[in-house]
Amino acid sequence: KKFVYSFNEGSKDMKDLLGGKGANLAEMTKIGLPVPFGFTVTTEACNRYYEENQTIADDIVADIFEKLSDLEHVTGKQFGSVENPLLVSVRSGAKISMPGMMDTILNLGLNDNTVEGLAKLTENPRFAYDSYRRFIQMFGDVVMEIPKTKFDAIFDSKKEKEGCEFDVDLTTEHLQDIIVNYKKLVKEEMGRNFPQEPKDQLMEAVMAVFRSWNNERAILYRQLNDIPGSIGTAVNVQSMVFGNMGDTSGTGVAFTRNPANGEKKLFGEFLVNAQGEDVVAGIRTPQPIAEMAEAFPEVYKEFTRISELLEKHYTDMQDMEFTVERNKLFMLQTRNGKRTAAAAVKIAVDMEKEGLIDKKTAVTRLEPAMIDQLLHPKFDDAELAAAERLTKGLPASPGAATGKIYFNAADAVAAVENGNPAVLVRLETSPEDLAGMVAAEGILTARGGMTSHAAVVARGMGKCCVSGCAEIKVDEEAKTLTIGSDVFKEGDYISLDGTAGEVLKGQIKTVPPELSGDFGTIMQWADEIRTLKIRTNADNPRDAKQAVDFGAEGIGLCRTEHMFFEEERIPAVRRMILADSEEERREALSFLLPYQKSDFKGIYEAMGDRPVTIRLLDPPLHEFLPHTDEEIKQLSAQINVPYEKLAKKTEELHEFNPMLGHRGCRLAVTYPEIAEMQAEAIIMAAIEVRKEQGLDIVPEIMIPLVGLKKELADVKATVVQTVEKVMEREGVKFDYLIGTMIEIPRAALTADEIAEEAEFFSFGTNDLTQMTFGFSRDDTGQIIREYRDKGIFDDDPFQSIDQVGVGQLVKMAVEKGKATRPNIKLGICGEHGGDPKSIEFCHNIGLQYVSCSPFRVPIARLAAAQAAV
Ligand code: ADP
Ligand code: MG
Ligand code: MG
């Protein structure tokens, strides 16, 4: 088996094995672009490293050295040679890119001897020693895990002592002094000398990259992005090119289109006389890429050509890294660029217009989860116009953020946990700030460019970010932010406009967004492509209308219990529950009837002629009663029922397992008059709206929590009798459907019988998951988190349907239901109806619709289209 591939042996389709970076380096090599030669140690080698107790097997070591000698051959240089030393970078790269989360080491191969050789060869001692000190620093940090700050302290104190303002002001001698002190530091920290043998350096570095796969921030990043830990990282070993060889050299990062707003224009930054890490780490603020046209006109032309070629080759926006060594351009990386939702939408629509991709591909270019960003609020125009602008930085990631200032990740996380919206303010962001960035509404930094790690990560998360804000002073120790004469402390409000890059004073109101322009276009394409219908879960006209605005095609679940809680009604609901006789109960119910009727009318009106599924009362009755003694006393006075009676009734209704108790259709079996009232309200509302609005309403009445055909038949009989009676009384006749939820495993197992009574099934996958796993959905959050941490669950089964178990039941019920009633209507109304992975599953097993909360409707439309592609 092959564990190591040279760059000319791979291609872009080998991401699983070579990682994204390795596969694309191979691809660029294949199509003849200038890529420094090298080789890739595969992700399988990484997995073996972990299987074999964090060691690299001899056969893999041998393969590595074989490819190393090929590399020496191709470059004409030798590892460890003084005359012509080969230097390499050792770069991580998983299948899915995780920018900045793992480690990279540059200039490997330098030691006390080869550095002199390099100095002589290049006639540039300053460059040679600068490279060596960088190497010790990176190796010390990544491989030896010596705190970076200790190296920085040595470096900064030298700079200060010699009166150098910038790194480039340090002379060869200064750098040599720094190296001596770096090596001393290594000896002190590690009790051993800095390794001088390049092959040892190489193997240690390869292992360190494998190790970095499991560093804290990489693990957190994977959790946030649903990347499995089992895929491992590849390691790329690549001959070095040098951007730090003086003013004809440099390094940069660029996107073929603007990753924040999608504009079709080369976008990026570069630094003269610098090595790659300098750009991404935000140490010096780089120059915009366009200025390269003046600094390196020939190289700029070549780079423009290559970036256009790459975008066409990959048919997607590319994020590229490059280095210029003495006026010669080298490509070091390309990948499909991360982008904001707004940019994703514009780029997809533009590329379709340009003929680069078709509509089907275009709809796959927007991750459904990213749509959330587009549905997020924006600043209220008037308030924004009136707000005081404090300063301007770079518009690193668009959006609107308002919150209290916090100066480090831990404080921001704590604040958010206590219910305070946070804006994370940092001098410069580093990958360690990830948890704080996740928690915060937005991020503000003093340093760092548009392509700093933080900006990239913020865009990926859809977090508002303003970076490189040169005019602000951040004192992380004292926890103060100074802008001009304003001094802000921890907890003060500030607002960020990530789209304009502006920092604004105080709190600013936000407003909901609209679905128009390019977003509207993509959604229209999605609608043309998908076959699943999208309904919504709504139980009031406002939500129903919102959902229709977002493209809902019906209501899949209208819960009726929320309506019972309203202030004027709850006394009647309680009287109904407390009634001693059927007569009393009917009396209370008749008070509720007109309310229910008007609820349903409002919903029918909001939905027009779209279908509406109304579910009969579902929760245990005791949810409507008070629980504490105090509350019982209060209520007793309020509704004039003796305290003892009330307390006794509450006691009687108490259940140990209410979710498995007196609820769902069981209520209607024991108190048919409740179902009668609801059925009458549903039909009367339909009659009136049909008359008043001329709408052709076909009510869908849904009976919950059925496990037995006979209990469904019992409730159905009650409903049918009521409906027929009402229709006769009113002298009308129209179609209506009676169906059930499939949410008890027994119902799924006997779906063929149940379908004899049910005209439709709606899968209630929340309860079905709860009952199939025996996991209480209200109590097991913490257990599920721990299960996920331990890898027992990949996903929370309440968020993404468990396809193997719960999904199996759904599939079985679909087949059995269809066998009995071929034209049975099938849909899903659990939370899973808004989850892209679950939607794909629903599509594949032949459901006709999914139903989700209004704000998830656009996500569901897109996910349904992607499932159909
Ligand atoms: P990341 O995944 O964090 O972007 P990379 O492996 O891409 O890490 O390395 C970071 C930077 O180091 C690159 O952008 C590039 O500028 C520089 N670099 C890596 N390998 C080389 C090389 N062989 N020659 C010159 N610079 C390199
Ligand atoms: Mg890295
Ligand atoms: Mg990179």
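This is a predicted model: local features need pLDDT of at least 70, side-chain atom pairs count only at pLDDT 80 or more; totals for chains, interfaces and linings use all residues.
Now select residues 765–773, which make up helix 32. Since 7 of its 9 residues are buried, the helix is largely enclosed by the rest of the structure. The buried ones are Thr-765, Asp-767, Leu-768, Thr-769, Gln-770, Met-771 and Thr-772. Step on to Gly-774, which follows helix 32 and has a positive phi, near 65°.

Next, go to the largest nonpolar core, a set of 257 residues. Among the residues with the most contacts inside this core are Ala-205, Leu-366 and Val-850. Helix 28 (residues 672–693) gives the most to this core, with 12 residues. Center the view on Ala-205. Leaving aside residues up to four places away in sequence, Ala-205 touches Val-90, Ile-105, Leu-108, Phe-139 and Val-143.

Then select ligand 1. Which of the 18 residues around ligand 1 come nearest? They are Ser-89, Arg-91, Thr-104, Gly-276 and Glu-321. Strand 3 (88–94), strand 4 (104–108), helix 10 (277–280), strand 9 (318–325) and strand 10 (328–336) each give two or more residues to the shell around ligand 1. Color that shell by class to find 7 nonpolar, 8 polar and 3 charged residues. Domain 1 (4–240) and domain 2 (241–339) each supply at least three residues of the shell.

An unreviewed UniProt entry annotates residues 16–289 and 301–354 as "domain: Pyruvate phosphate dikinase AMP/ATP-binding". The span 301–354 is 50% helix and 31% strand, and its end C-alpha atoms lie 22 Å apart.

Technical notes: Residues are numbered from 1 along each chain as its sequence is written. Chains are lettered from A and ligands numbered from 1 in the order in which they are written. A residue is buried if 20 or more other C-beta atoms lie within 10 Å of its own, exposed if 12 or fewer, and partly exposed in between; C-beta atoms are placed from the backbone. Helices (H or I, at least four residues) and strands (E, at least two) are DSSP runs, numbered from the N terminus. UniProt positions are given in the numbering used here, feature names are shortened, and annotations may be inferred rather than shown by experiment. A nonpolar core is a set of buried Ala, Val, Leu, Ile, Met, Phe, Trp, Tyr and Cys residues joined through C-beta atoms within 7 Å. Two residues are in contact if their C-beta atoms, placed from the backbone, lie within 7 Å. A residue is near a molecule or strand if its C-beta atom, placed from the backbone, lies within 6 Å of it. Ala, Val, Leu, Ile, Met, Phe, Trp, Tyr, Cys and Pro count as nonpolar, Asp, Glu, Lys and Arg as charged, and the others, Gly among them, as polar. Domain bounds come from an automatic or database domain assignment.
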